[in-house]
Amino acid sequence: MSRIVGVGAIALAGSLISGSAYSDGHVYSGFPVTVKGYEGSKNTSVSYTGQIARHVLHDSIKVLASQGTENTKSSTVIEDKMLSYFSSSEKGREIIAPKSKGVFIIKQEKVDDISGGKNLSGKTYSGQIAGMPGNMTGAELVEFWINKASRVNGGVDIHTGYNYPQLISKFVMGAVSYNQAVDNYLDEKLTAENKPNDKPYKDGAAYTGKEHSWDEAFGYFGAPAHTMALTAKQVYEIAKLGSKSKDPADALKYADHNNDGVVDLKTEMVFGPAYYAASFDKGGKTSYLHNIMGAYLDGRKVIIAADGNKLSDEQRSELIDYASTISSNWEAVLAEATFKYAGSVYKDMAAIQKALDTGESISKISLNYYKHWGELKGFSLSLQVGKDNLGGIAARINRLIGYGPLLPNLSQVVDIDSKGAYQKDQGSSWGEYMLHMLKLQKLLAAEFPISVLSNNMMEDISSLAGSLGDGASAEND
Amino acid sequence: MFEIIDDYINQIWEPLINPQKRIFIGYLASSFFLAFFIIIFQFRSSNKTVDIRKILMMLFSRRIWLSTSSFADYKILLISRFIILSIAPFLLSTVALTTIIFEWLHIVFDGRIYITGSIPDWAVAVVFSVSMFLVDDWTKYIIHKALHRVPLLWCFHKVHHTAEVLTPFTVYRTHPVEAIIFAIRSVISKSIVLAIFVYFFGSQVELLTVVSVSIFLFFFNLLGSNLRHSHVWLSYGEKFEKWLISPAQHQIHHSLLIEHRDQNFGAVLSIWDRINGSLYVTTRRKERIIFGISGTSKKVHKIQHIFLYPFLEFYQIFTGGIRPSFKKIIPKQNTQLFKVK
């Protein structure tokens, strides 16, 4: 129940977002240079291009992972290419995703056009990942998956049920973006001694230690600088490059804040974490996206107010409050996503069961199942790499999901041997694994302050029970 | 502290504004109009002059509403709401029990079985609403009958039958132990039906409602359920009373006369009584009825007697005797009440 304290932070977020965030200074750009003794030519201290480059590397790896093949020669090429996006810093890497689509024209074509020399492996969670076998660190797990993804057609292994593009993508969203933002820049780098505000982040930089720490954290969220001028639905449409808009040109209109006719990935595009926040908010029940964005803007204003001097205890405390708002809302988004995909997995399993009963083919339904399971697993692992150790909650989440999806022949991956081969064994019964998904939804709803609850498989019960009235009544005859 | 007081005030007020409750203001109003027209009809049938003032005086007679028995009803209502407020958090909720059964069905059938496609939504809603109503009504009958027939339970249910004057508020004249028994019955019966339907039909399941209340409950209450606990005689006639329990039939149930004893346990449907030989049908002709139970004293309307005496009696029956120390506080004429209902 301790996670529920986050409710307070989320509820308070609305009040913490000051009116000023919506009126003046509602765009995360153009903040002045405050660092003392700066002699360069820059007129703004805002810089988070490295983080945007990493979002692009992540999006590109996801596409590459879906190009895996059983052809040994080609698979090696795919693996090398994925690794070049994950762990090398080589120049000239093409942006594979997001790419221009129709009227939605993207300004940059190369990763270097955003920021040079960036990779993901150096910024991937360095702790051990308990939810998968093999005692691997976050970076080792991604490299292991890259290897496996390159060797199966479409990046999907039908023998284990692993959909690698989804596993890699959803895990990297947490192991890189969420972890770096909430556990590093909004945590360790907010201490008084670490990256102080009265010194440049590094020699000659146009930004102070705290300014750049805050900007880097913002960059990892992946929201457009003008998010406060957009609705959650508009942000969602930008991320879909117009494919979910009434008119595809609408998405360009929403993204192109400077009206130059193209979308600048550095400031105008939506990436993973912000996309998921918006996708839950667009139903109107929550405001994760604007809570987080507002806290980033207001926190940045606290740092600007220090005018290049050391932050006072009061200012730092205020900043920590905003950081807490960001962390708790972000964590809730990951919990919502895990909840949603537990429901998807349950529905897919019911569909497979029905198809098996009626003798229909399950090949297409199984692919949906593996896709959703990959998303479930990826998000559940992401949820565990935040600032706080989830302890027993994480253990229960991992046990309920298991190391792999329960396959229609009731086998399941249970281990990885010393050569990196999967070990399978008889899993639970089909009904029991479906029950795990229900229990997982119950656990997440009880332990995290989430309220969208997409694909809630218990929703019918609670709404119907409500219409039947309470039992604790003295009324009889 | 203020929260508790606030919750308590809501508990008192809530039945009057909640259409799921018998004494919802709308149902009280409909019962009033029904009673009003019944009396007019009765006046005309016996060639009496219709005197509105006289009818209103009959309906709102001080002898009924301000009687010792009715006062006891009001006090019980106020105290019971507090007790229920305290107990409710410890009772298993319908959602919790339904979830347990729903989950268990996954193990029993090894997965989830959706019966979808061929059955339209409206048909599922009708079958679900009817099933819920039938199970609810049947279990009410079973429990009600047990409360009369099992001596250990009768000592608690007797509180309801000691009412010598009936008003709509008499429905709340129940001992907290009985309230708990009925609450458990409600949770179990609803949960079983709900879990089974949701398991097989998923989101197709819907309760047919009027103003967010089960259509059956709504019409049962709208069409004069409050007259069951009243002195207004409303018989449906022999033909209909074989299917539905009329207010007159329930008044027969409250009668202490020997020919009326242990009849009409049903709540809405009379088929359960008909099957089990406890049905007593009435006619338009009002029968002579004395409400209450025989062998009682004025103490049956004292609050301490109402709430505590059933426990002493329960102990007496359970152990087969009374401890000497209890003899001093148990009224002599009441020591064998369960035998002389």
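Patches are made of residues with over 30% relative accessible area and no salt bridge, nonpolar side chains (Val, Leu, Ile, Met, Phe, Trp, Tyr) being joined within 5 Å and like charges within 9 Å.

**View 1. A nonpolar patch on the surface of chain B in the predicted model.** Met1(B), Phe2(B), Ile4(B), Ile5(B), Ile9(B) and Phe82(B) make up the patch, and together they have about 700 Å² of accessible area (Shrake-Rupley method, 1.4 Å probe, with only the protein chains shown counting as cover for residues). Helix H1 (residues 2-17) of chain B gives the most to this patch, with 4 residues, and Ile5(B) lies in that helix (helices are DSSP runs of H or I, at least four residues, numbered from the N terminus).

**View 2. The contact between chain A and chain B.** Chain A brings 32 residues to the contact and chain B brings 48 residues, contact meaning heavy atoms within 4.5 Å. About 3400 Å² is buried between the two chains, 58% of it on carbon and sulfur atoms; buried area is the accessible area (1.4 Å probe) lost by two parts on being put together, summed over both.

View 3. On the side of chain A that touches chain B, helix H12 (313-358), helix H15 (430-447) and helix H16 (459-468) each supply at least two residues.

**Notes.** Residues are numbered from 1 along each chain as its sequence is written, and chains are lettered from A in the order in which they are written. In this predicted model local features need pLDDT of at least 70 and side-chain atom pairs count only at pLDDT 80 or more, while totals for chains, interfaces and linings use all residues, and side-chain values use heavy atoms, leaving out hydrogens and water.

Terms used. Salt bridge = Lys/Arg side-chain N within 4 Å of Asp/Glu carboxyl O.
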